[in-house]
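Here's a quick briefing for anyone new to this structure. Have a look at the sequence and the 3D view, then read on.

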Amino acid sequence: MKKKLLALLMSLTMTAALIGCGSADQTASAETAETTEATEETTEDTVEDTASGEAEATEEAPAADLSGTISLAGSTSMEKLCEAMSESFMETYPGVTVTVEYTGSGAGLESLASGSVDIGNSSRHLKDEEVAGGAVENVVAIDGIAVIVDPANSVSDIPADKLAAIYKGEITNWSDLGGNDEVIVVIGRESGSGTRDAFEELLEVKDACKYAQELDSTGGVKAKVAATPGAIGYVSLDVVDESIKAVAIDSVEPTEANIIAGDYLLSRPFVMATNGEISAQNDLVKGWFDYISSDAGKDVIKSVGLIIPQ
Amino acid sequence: MKRRKVIEQTAKTIFTICAAIAILAVASITFYLVAKGIPAAREVGIGKLLFTTSWRPTAEEPSYGIFFIILSSLVSTFASIIIGVPIGLCTAVFLSEIADRITRSVVSSAVELLAAIPSVIYGLIGMMVLSPLMYRLEKAIFAGNETHQFTGGANLLAAVIVLAIMILPTVISVSASSLQAVNDSLRYASLALGATKMQTIWKVVVPAAKSGLLTGVVLGVGRALGEAMAINMVAGGAVNIPLPFNSVRTLTTQIVSEMGYAEGLHRRVLFTVGLVLYIFIMIVNFILLKARRRELNE
């Protein structure tokens, strides 16, 4: 009896394992099918749109006649922007569904290249091979990275080379920068984070950093720096508030004007890449970009603390 | 007559299916982890993955050495057991042998409450209370030290303290119930032979409950090894040698903190990290099974 039960269980387990394999494949193919369907729908809609609305095509964004799905994928750093933008966009065009996946810049551009999404989000400039693959860079906003210290710290300007030395562990005391005799606690983000990637790349300290703490959220970094005397960290410019102090780099304050002027070292573009120029996209995607550059879109960009490119 | 048989049979089938669900879950998790983890381990090289120390998954030439991470997990677990088990064991002895009814109910409800507190709360308290204390201690100990990297109070020691407190309820409740299960005739015999109460506890009751106590310890090890949230908040999260005042990263926090943004091989290697953790947990459970079996035989 016991043996029988065991045998039954074993066979069940095996079947389960087999089913497991099978269903994984099925899910994958089902997903692909869905995506294809969605794309088809979009094209159909576009055809209808162009057929019915040819006359008014040049008119100023005739609301409510767009319908279908716009799919975006990519940078996690752009989540706040994308959420706010798609919400606002869908309010204006109730017939349109905007889906955004936050898979990371590289993954987003891969999805764009494979044609599974309309727009690939990237929080860095496109690489040469990505441009060669047909992706076109549309900078929709600029993000600044602020270097923050605790509010009691007397240092308010750090030269870029000294900042790099701090993060490489070569400078370990604030007195070396004209501050108080206080050890520096170097705080950063975990590997894979877009902010860390951008920071290390812009400061040219890629993979040379010696972090005392690696935290996995912007809020975490901010809270730690605020609470730890002598701490230094980096966060998106828009989350800077009274609880911490943002320092100048090479005597350039991290302000919007300086970032637009290109003077501030630690800034990065938020790119919504498309396959080919915007003018070659379907009406939905064109409508999306029109909306971003409209006043309403600009308000959204500002509301999430980003800077509008010139 | 026939109807009864059908009902019997149906009930039996339903129970069997329910029992199979648990097995199915374990089997599919095992299968998934192995299927996801092994290829990445092969790609990196198993020796390189397990025995090198440099973790730079996003570098130009990425390296995926998790030796320090494994070591941190083992050291933090071991150290928290060293601190937590004596406290837990003594509390269990107090509960089952010494305390009167009122004290016992107060202490045991405190222990139950301790078990019910979510790990994120432990982490939060650790971050707000423990870290500043640690930082002060760190500054005092390493004053003038040029080579030590100051962590601001997020370190292995903080993780160990938090873990030691977190395993207490497990150790206490399992140990206390196994002490209570010791037959009273042993206690009376010992007392009748002229042994004092303390002699009876340490020389008769505790040895008699040995297997049950071991079960408590092993469950504590499992808890400490598998904890992620609280550790993530107090341990600092940089990959380092597990020394008391170093910021460390364990197998669990490695997965928690990097899974969000990881892509490609980096992501797949995190599954391998999960597999390594799983193997450790399997070993712990195997020991547990052995201990339980011995308990039954006794």
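A crossing of two helices is left-handed if the near helix is turned anticlockwise from the far one by less than a right angle, and right-handed if clockwise. Helices (H or I, at least four residues) and strands (E, at least two) are DSSP runs, numbered from the N terminus. This is a predicted model: local features need pLDDT of at least 70, side-chain atom pairs count only at pLDDT 80 or more, and totals for chains, interfaces and linings use all residues. Residues are numbered from 1 along each chain as its sequence is written, while chains are lettered from A and ligands numbered from 1 in the order in which they are written.

**A helix pair in chain B**
- The crossing of H7(B) and H8(B) is right-handed.
- Leu186(B) and Ser190(B) are among the H7(B) residues that meet H8(B), where the partners include Val204(B) and Ala208(B); contact here puts C-beta atoms, placed from the backbone, within 7 Å.

**Where the chains touch**
- Chain A puts 30 residues into the contact and chain B puts in 27 residues.
- On the side of chain A that touches chain B, H1(A) gives the largest share, six residues.
- Helix H3 (105-114) and strand S8 (213-215) of chain A are among the elements that each supply at least two residues there.

**Around Ile232(A)**
- Beyond its neighbours within four places in sequence, Ile232(A) is in contact with residues including Val147(A), Ile166(A), Val186(A) and Val225(A).

Key: Contact = placed C-beta atoms within 7 Å.
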